[in-house]
Amino acid sequence: MFSLSFFATLALVPFVASQTALEIEGIKAHFSQSAIVPDLLASFNPSAFLSLNFPGVGEVKPGQLFAKEQVSPTPTVTVTPQDTSVSLTGNYTLAMVDADVVGSKLPEGQNRHWLVNGVTINGSTVSNSSAVAITSYAGPWPAAGSGPHRYVVLLYSQPSTFKAPTAFSQPNMGVTPFDFNGYVKDSGLGALVAGTYFDVEEGTATASISSTSAVVSSTLTVPVSSQTQKASTTTANNAAATETSKTTSGATGITAQWMEFTVAAAGFALTIFI
Ligand SMILES: *[C@@H]1O[C@H](CO)[C@@H](O)[C@H](O)[C@H]1NC(C)=O
Ligand SMILES: *[C@@H]1O[C@H](CO)[C@@H](O)[C@H](O)[C@H]1NC(C)=O
Ligand SMILES: *[C@@H]1O[C@H](CO)[C@@H](O)[C@H](O)[C@H]1NC(C)=O
């Protein structure tokens with residue numbers, strides 16, 4: 001009985017870890033399918049999953065379409081590391097820019113809707129208690145008829161060598177276009193840790209905008225290297241389930257995780273009822 005509950009506890013840990021890894025694969029796929037890579041970012045390899053929660057709306061699904069009123073209050077931001085090798089201590093810079101409609105290259109730069117230096121992560125919540133808000137959160141207001149704009153929220157590691165460029169070193173700047181990638185480079189920001197995006201459209205598009213294909217989450221797989229399962233610490237059944245989730249793709253991978261969860265739940269049930 002001891003061993004069943006012991007293994008049940010162990011089995012839940014990799015289940016949680018691979019859920020986040022799967023969510024990270026999902027957001028990477030969304031960034032490609034919506035052309036945020038390459039329109040805004042040359043690449044996107046996050047080590048954590050970022051989630052936005054707007055008052056009255058709740059948790060944002062990546063790429064979700066909103067009316068501007070729904071996303072006008074400042075959201076709370078939570079960040080979950082991919083696995084235990086990712087530590088979220090230190091300072092970070094949080095930004096939201098308008099990457100405009102799919103296909104926009106924006107040579108004049110991206111509108112800066114949020115730029116806060118020195119945020120920290122308290123538990124999993126992004127805290128601004130010792131931060132400097134260069135631009136406080138300013139909700140989207142895309143021009144009517146301009147199509148669905150992509151509002152991209154990104155969290156960068158901010159090393160001690162970070163130095164805000166003179167033009168962006170003072171708080172309380174309004175929303176203006178700036179060269180976002182130039183800012184990241186010039187200020188010495190570190191790795192792009194996490195990100196997400198949502199869409200806001202005002203009125204009906206008057207021009208034809210390239211469409212994006214939906215992300216089919218059942219086709220996503222988690223690279224073996226980013227999984228944390230250790231078969232040696234699980235029961236034979238769990239080891240089998242873990243192996244399946246490593247080597248198969250899509251729905252089977254998800255099923256394997258459910259199997260793992262079910263085995264864990266069965267372990268608990270046995271502990272309680274035997
Ligand atoms: C984070 O920022 C604070 C305030 O600017 C600074 O005192 C601290 O040294 C920074 N921490 C790291 C790890 O860079
Ligand atoms: C971290 O969050 C907890 C719970 O909300 C709060 O009590 C605490 O003051 C926060 N710590 C910092 C350093 O912001
Ligand atoms: C921190 O965020 C809150 C809203 O979430 C905002 O009211 C406050 O002004 C922010 N403070 C700083 C220093 O950015």
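L106 is partly exposed, with 16 other C-beta atoms within 10 Å, where a residue counts as buried if 20 or more other C-beta atoms, placed from the backbone, lie within 10 Å of its own, as exposed if 12 or fewer do, and as partly exposed in between. This residue is found in the loop between β5 and β6, and its phi is near 50 degrees, a positive value in a residue other than glycine. The model is a predicted one, in which local features need pLDDT of at least 70 and side-chain atom pairs count only at pLDDT 80 or more, whereas totals for chains, interfaces and linings use all residues. Residues are numbered from 1 along each chain as its sequence is written, while chains are lettered from A and ligands numbered from 1 in the order in which they are written.

Further backbone features occur around helix α2. A35, in the loop between α1 and α2, has a positive phi of about 65 degrees although it is not a glycine, and with 17 C-beta neighbours inside 10 Å it counts as partly exposed. A cis peptide bond with omega of about 15 degrees joins V37 and P38, and P38 is placed in helix α2, residues 36-39. Most residues other than glycine have a negative phi, and most peptide bonds are trans.

The protein chain has 5 helices and 11 strands, these being DSSP runs numbered from the N terminus (helices, H or I, of at least four residues; strands, E, of at least two). Of its 274 residues, 35% are buried. Among the contacts with a separation of 6 or more, 77% are accounted for by residues 24 or more positions apart, two residues being in contact if their C-beta atoms, placed from the backbone, lie within 7 Å.

Apart from its neighbours within four places in sequence, L50 is in contact with V77, V79, V153, L155, A194, G195 and T196.

In strand β11, V200 is buried, with 22 other C-beta atoms within 10 Å. Its contacts, again leaving aside neighbours within four places in sequence, are with F66, K68, V71, P140, P142, H149 and Y151. The C-alpha atoms of V200 and V71 are separated by 8.7 Å, although these residues are 129 apart along the chain.

Ligand 1 is surrounded by G90, N91, G118, S130 and S160, a shell of 5 polar residues with no nonpolar and no charged ones. In this classification Ala, Val, Leu, Ile, Met, Phe, Trp, Tyr, Cys and Pro count as nonpolar, Asp, Glu, Lys and Arg as charged, and the others, Gly among them, as polar. Around ligand 2 lie N122, G123, S127 and S129, comprising 4 polar residues and no nonpolar or charged ones. Ligand 3 is surrounded by T74, V116, N128, A131, A133 and S136, and its shell divides into 3 nonpolar, 3 polar and no charged residues.

Conventions. Near = placed C-beta within 6 Å.
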